[in-house]
Structure formats: structure tokens, C-alpha cells
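User: Hi, I have a protein model open and would like to talk through its inside. Could you help me read it?
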Amino acid sequence: SDKAPVIKSSDYGIKNFDLPSEIVYPYWFDITLPDDSCSQVLASYQIETTKAGDSLLTANKIPKTFPAIIENHRKGRFYYLCGDFSDLPSKIAYSEFDGIMHIKKIFTWGDACSREHFFWYFYVPLMKAVLAKACSIIS
């Protein structure tokens with residue numbers, strides 16, 4: 001299939017990190033599986049493949065659904081983003097302007113398969129929530 005992977009957020013990710021329930025992820029990712037009970041999956045990739053792709057996945061023991069964001073509480077709290085979420089192909093020199101997130105979301109709304117759309121609709125809200133959680137732990 002020529003479709004990009006979709007990231008589906010868990011109920012925990014939606015509720016606690018303001019993630020959309022589903023979004024297209026059009027860039028590179030890595031396949032990582034949490035290996036302990038201290039991990040929580042905030043969102044998962046789902047890939048659609050052809051029969052040939054299914055065979056390749058099966059032969060290499062790769063699941064069609066695997067984590068996109070892992071939160072771990074073993075030694076403090078850390079997050080693993082299983083892909084290049086922060087890559088933005090356009091200049092973001094204007095990103096310091098108040099309200100720029102709302103403006104960029106409007107201009108990328110119709111292009112759900114772009115990296116810019118992913119950045120503004122998924123990555124930015126995720127980072128805001130992660131930083132808010134970090135600030136609440138520190139204070």
C-alpha cells in the first residue's frame with residue numbers, strides 16, 4: 001500500500017496529553033516495543049500493507065501495530081518518541097509570535113498528510129502537555 005502510517009492515540013494519551021484520536025504520520029519512524037511494566041503507550045502506529053508487505057512483516061516478526069510514544073516511570077519519568085516528530089520542513093523563525101500555533105493550524109488544516117500538519121496538530125500539543133507535567137513535578 002502507498003498509504004502513510006496512522007498514529008492512533010490511547011484514551012490515556014487523549015485525556016492526559018491532548019492528543020488527537022488519530023493522525024497521519026508521513027515521516028520516518030522506528031519500531032520499538034516496551035519491555036517492562038513501567039511503560040505506558042500513549043499512541044501507536046498502525047500500518048496498512050499489501051499481502052507482500054504482510055509477508056515481509058511476518059517473516060521479520062514485525063507487528064502491524066506498535067508504539068509511537070512510550071511513557072516510562074522506572075527511574076523518574078521519560079518519553080520516547082518513536083519517530084522524527086519534531087522535523088518541520090518549513091522555517092519556524094516566526095514560531096515565537098503569540099498565537100502562531102492557531103494560525104499555522106488553520107493553514108495546514110486541509111493537508112492532513114503533511115509533516116507540518118502533524119507538527120502543529122500532534123507534536124506541539126504533546127510537547128505542551130509534557131512540559132506542563134514536568135513543571136508541575138518541579139514546583
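User: Which residues of the largest nonpolar core touch the most other members?

Analyst: In this predicted model, the largest nonpolar core holds 27 residues, and those that touch the most other members are I7, L19, Y45, I69, F85, F118 and F122.

User: And where does the largest share of this core come from?

Analyst: The largest share comes from α4, with ten residues, while β3 (39-46), β4 (65-72) and α4 each supply at least two residues.

User: OK, what does I7 touch?

Analyst: Leaving aside residues up to four places away in sequence, I7 touches a list of residues that includes I23, Y25, A43, Y45, A68, F85, F118 and F122.

User: Switching to rings, how many aromatic pairs are there?

Analyst: The count comes to 13 aromatic pairs.

User: How are F119 and Y123 placed in helix α4?

Analyst: They are four residues apart in helix α4 (residues 115-138), so about one helical turn separates F119 and Y123.

User: Are those two buried or exposed?

Analyst: F119 is buried, with a relative accessible area of 9%, and Y123 is buried as well, at 16%.

User: Which residues do ring pairs link into a cluster?

Analyst: The cluster consists of Y25, F29, Y45, F66, F85, F118 and F122.

User: Last one: what lies over the faces of Y27 and F17?

Analyst: R115 lies over the face of Y27, 3.9 Å from the ring centre, and K133 lies over the face of F17, 4.9 Å from the ring centre.

Technical notes
Residues are numbered from 1 along each chain as its sequence is written. This is a predicted model: local features need pLDDT of at least 70, side-chain atom pairs count only at pLDDT 80 or more; totals for chains, interfaces and linings use all residues. Side-chain values use heavy atoms; hydrogens and water are left out. Rings of Phe, Tyr and Trp (its six-membered ring) pair if their centres lie within 6.5 Å; planes under 30 degrees apart count as stacked, over 60 as edge-to-face and the rest as tilted. Buried means under 20% relative accessible area, exposed over 50%, partly exposed in between (1.4 Å probe, protein chains only). A charge sits over a ring if NZ of Lys or CZ of Arg is within 6 Å of the ring centre and within 35 degrees of the ring normal. A nonpolar core is a set of buried Ala, Val, Leu, Ile, Met, Phe, Trp, Tyr and Cys residues joined through side-chain atoms within 4.5 Å. Contact means heavy atoms within 4.5 Å.
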